[in-house]
Structures are given as structure tokens and as C-alpha cells.
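Here are my notes on the model, as numbered points. Please read them with the structure open beside you.

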Amino acid sequence: MDGVVAPSFDVARIRQDFPILSEKVRGKDLVFLDSGASAQKPRQVIQAMTRMMETAYANVHRGAYHLSEAATEAYEAARRAVAGFLNAASEREIVFTGSSTNAINLVAHSYGRGVLKPGQAVLVSEMEHHANLVPWQMLKAAHGIELRVARVTDAGELDLEDVEAKLADGKVGLVAVTHMSNVLGTVTPAARLAALAHAHGARLLLDGSQAAVHRAVDVQALGCDFYVFTGHKLYGPTGIGVLWGRMELLEAMPPFLGGGDMISEVTLEGFLPAPVPAKFEAGTPPIIEAVGLHAAIDYVRGIGMASIEAHERHLVDRAMARLPAVDGLTLIGRAQDRGGVFAFALDNAHAHDLATLLDRVGIAVRSGRHCAEPLHARFGVESTCRASFGLYTTEAEVDYLAEALGKAREFFG
Amino acid sequence: MFDDLRDLYQEVILDHGRKPRNFRRLEEADREGRGDNPMCGDRMQLWVKLAPDGRLADVAFQGKGCAISMASASLMTETVRGKTQEEARTLAEKFRELAMTGTCPDCGGVLEDEMERLQALGGVHEFPSRVKCATLAWHTLNAALENTGKEASSE
């Protein structure tokens, strides 16, 4: 997207939408660089959820009274908004879940046991979040599915030759990889992966927990088969995630959780599942959260995903100029195509000590292994600190981080 | 920029963090324990050699972790050497209180000198997410003395 300009992007004005950004931490301005773990919420999201609870709340798909109909309409409007956000062919392909984790577990359980056959394989990569690794390990143990792991290069990119080699025997039924690493910031070549997977008879699931926040996602253009993301990283509430799947795949999959709302008929002897997507939405869904997610999608689309991407590209360039210049700092991963997630280590400070220091000057970063323990082992590091950017992050904050890191290294001598 | 963090990272902590004492494997140990802080990946292994009268003749550890956890383990090995197992358990209990509250109301007792030394880690109580870094070594020591074979966890 070279040449994209963002004339309307005014980060100072955007920051005013996020009440928490004017909070002080230990007397210092908050420099929130942990949006990759969970993003802050704009007033538009907070107000939409409050307004719904104050004026239009009831359970959905149940009552024949006004409030329930209004709540149902709001819930289904959120589904349409998500379909538009992902450019899904139909809103019925959108399944609301509790989180990305829940969405992947749904696929692992339902597609994994209901469609994949013992002896087939699932291919993941070394840079998966535990949420896109452990469910497949569980499937392997329970259902006799082989689990293959594609390598990551020293630069932190997916090794496509290795992907191809591991697809070659045609046993892989599903490729499940991240669309953007939550540690390395690497954006994976989704369209290329879809072509590779399909050429070898496999389906492609993309974990878009990070990517969907930073770039426009068009599932039809990408050519993937499943896509998952979560509300709380997209400036929306916790407790809601999304599974998008191709209709014919969702229809072929057995239900995951059983309960109310997912049935069309129940007797004491058995049940008939409801059509997609209700089949996968057992129990009272996250109604208020869906309304919040809808508001979050309206918010980012109002700004424009291209503008957000362009802004974050500036931040990435700034970080790539400033962070490696800090004495003793090692940056993990240097992918060509990357987003605003930077994992790093200082040669004389443990990640937790560093995070404590940064916190003291108002900077919030994550420290540890970021739910990606095998990836840290791959790069031979015990733990890292991670700075991750959001649409409200400023270049001044990136500079401040670099300055603080230099001072922290001096502190530990 | 970080001057007010000198309470937490006192020179003695930085020194023990950089150059932990008794950082070695103890051959022919009588007790052994493992500690793990799953949230941050800190791990340690601890060995105890007992004297004929049951006292802790030698204590050594190896592991990876932040300055706080390494310094705490290092100071602990020095502090409990020569103590009875009962005294070591008492110190572990008092240290836990110190790490969580910053104060040690019962510290005027017979173990006063030892507790005074450990006060260097008292600053950690202001950082709730870091308390477990300081207490991991002591959990591990307790596990070793109980010799349950279970891994100590700071969680």
C-alpha cells in the first residue's frame, strides 16, 4: 500500500476518544504500549454498550415483545457489521464466540473431529499463540490427528518452503496459522498460503487476532477458509470473538456446544441442530459485547483501515529506526512485512525487571513469553518485553520508549 | 529517570542478581527442589546438604530469572546456611510476610540479623506482580525440605 496517505488521520483528536489515555500512572502520562494484549476502548464503544443496557436490553431470539426484538435486531446488526468488516459472502457465515480462543477451539473440536479423519494432519507454525497450538495438540491426543509444525526463519518469517514440504504428501487437512504474529509482528502471506494449502487439498484457518486490528481483511480476496478474531483487541469489549467460515464448511460441521438457541427441534430422545450460524451459538450469546464490537467496527471503519495502516506504518518505521539503536538491545524478528508489535531483550536486564522500570515512567509493555513459549525457545530467549501499538500510539511515545530503554540499560549497569 | 526505583533495586539486589552466590549444582545433596514461575518462565533448582544434626550445611541453586528472583535465591542460600530446618521454615514464613507487606512485625526475635539482611527485598511489596519473583526461592526451599518431589510454584 505504498503511497497511501492519511490526510484525515489526526492522532491527537483520536486520542481524545479514549478516556483512559488521559489517566496518569504513578504521576506520569500513560504510554500504553500493550494494545496487542488488549486494546483500550473509545467512548463510542463504551457509550454504545451503556446505551444498549439502559434502553434496549433483553435476551435475543426468544421474546415476542418489543425489547427482545430490539435486542435481537441489535445483535444481528452486529453480525452484519462483522460480515462487512471481513467482506464475508454472507452474514450467516459469521459465528459469534467468546473469543478467538473459543473460535479456534470450536473449529478444532467440530471440524477437527467431525470432518478431519484420524491419520490426517494439521499444520501450524512455530510462531503460533498458544491459542492456535494447544487446541490442535488436544485434537492430536483425542482424535489421532498428526500435528505438523512449519518452521520460522531467523528473520521471523514463515518458511514457505517448509510449509510446502510439509503439505507435499497430501495428508494435511487443515493449515492453521497466524495472520500476524503477536510476538514478531510478522504478517504472513495469507493469499499465498491459501493457494499452497488448496493445491495440496488442505483448508486454511487464519488466526487474525492481531492482523484484523491493523489491516483491512477481505476473506474472499485472501482465499482462506476460516478466519478468527477477537473484539477486545479491536478496541471493543472482552467476551466476544468471531469465527468466519465458508458456508459449506460450517454446514458440514457438527455442533460444538449444546444448549438453547442452537437447536431447531428437541425431544427427550434427541435434537435437530439449528441452521448456521445459530448451530454454533449455544446459550445466551454475548449480546452487549456484540453491540460493543459493532461500535468498534464502526469506529475503525469510520477512520478507515487504510488510514490506520498508514499511521501504524509510520510508527513501525520509527520503531525500526529507534529501537535497534539502543545499546545492548536485541529485537526478535525482522520480517519484511510486519505490523506494530516489537519483542525485544536487553543484554543486562531481565524482561520483568525492564517492565518494572518502564512502568515507573508510565510505559505499559508486556513481559514474559506472550503466550508463545515455543517461539521464544525457537529464538533461544527465555523471555522478552513486547511493545505493541494501536491507532492511538504516537511517534513521540515510540521515541520515549527508546529513550527509556537506553536509560534502563544504564540503570542496570 | 528511574531514581525512585533504587528502593526496589538496591545495590545489594543488583549485585546478587548479577553475581548470584552459591550458584552451582550440589553433588550428593540430601534434599532437592524445583521451582517454577509459569507466568514469566523463571525456573530454579535447589539443593540442600544436611549436617548430621539436621542443620542446613550447604544450600546451592541454579536457575534463570529476573534480578529479583536471582538475588532473592542468592541471599536466601547465604541466610539459611547453618540454620536448623525449623529456623529455615520460620525465615521462609517471615520473608513471605516481608515481601507482601514491606514490614516484618515479628522480626525482633532470634532471627533478627537474618531478617535485617533480607529487608533489602522488602521494596518488592509495592509491586504486586513482582512479589512472586522474590518468594519463588523460598517456596522452592520449602518444597526441598518437605522433599515431596513436587515442583514448587509461585502461583
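How many bridges join β14(A) to strand β17 (residues 384–388) of chain A?

1. Four bridges join these two strands, β14(A) and β17(A), and the strands run antiparallel. Strands here are DSSP runs of E of at least two residues, helices are runs of H or I of at least four, and both are numbered from the N terminus. Across this pair, F342(A) stands opposite A387(A) in β17(A).

2. On the source: this is a predicted model, in which local features need pLDDT of at least 70 and side-chain atom pairs count only at pLDDT 80 or more, while totals for chains, interfaces and linings use all residues. Residues are numbered from 1 along each chain as its sequence is written, and chains are lettered from A and ligands numbered from 1 in the order in which they are written.

3. The pair belongs to an open sheet of four strands, in the order β13-β14-β17-β16 (chain A), with antiparallel pairing (two strands pair if DSSP finds at least two bridges between them). β13 (329–332) and β16 (366–368) of chain A are at the edges with a single partner strand each, so one side of each has no neighbour in the sheet. From one strand to the next the twist averages 30°.

4. Helix α13 (residues 351–360) of chain A lies across β14, β16 and β17 of chain A, and runs at about 160° to β16(A). Axes are lines fitted to C-alpha atoms, for helices over the stretch in contact, and angles run from 0 to 180 degrees between N-to-C directions. Two residues are in contact if their C-beta atoms, placed from the backbone, lie within 7 Å.

5. The axes of α12(A) and helix α15 (residues 395–412) of chain A come within 9 Å and cross at roughly 20°. The two helices, α12(A) and α15(A), are therefore roughly parallel (angles under 35 degrees count as such). Residues making the contact include H314(A) and R318(A) of α12(A), and E395(A) and D399(A) of α15(A).

6. Chain A is divided into domain 1 (11–41 + 305–412) and domain 2 (46–301), with bounds from an automatic or database domain assignment. Their contact takes 27 residues from domain 1 of chain A and 28 residues from domain 2 of chain A. On the domain 1 side, α12(A) gives the largest share, five residues. The C-alpha centres of the two domains of chain A lie 28 Å apart.

Key. Angles under 35 degrees count as roughly parallel, over 145 as roughly antiparallel, 65 to 115 as roughly perpendicular and the rest as oblique.
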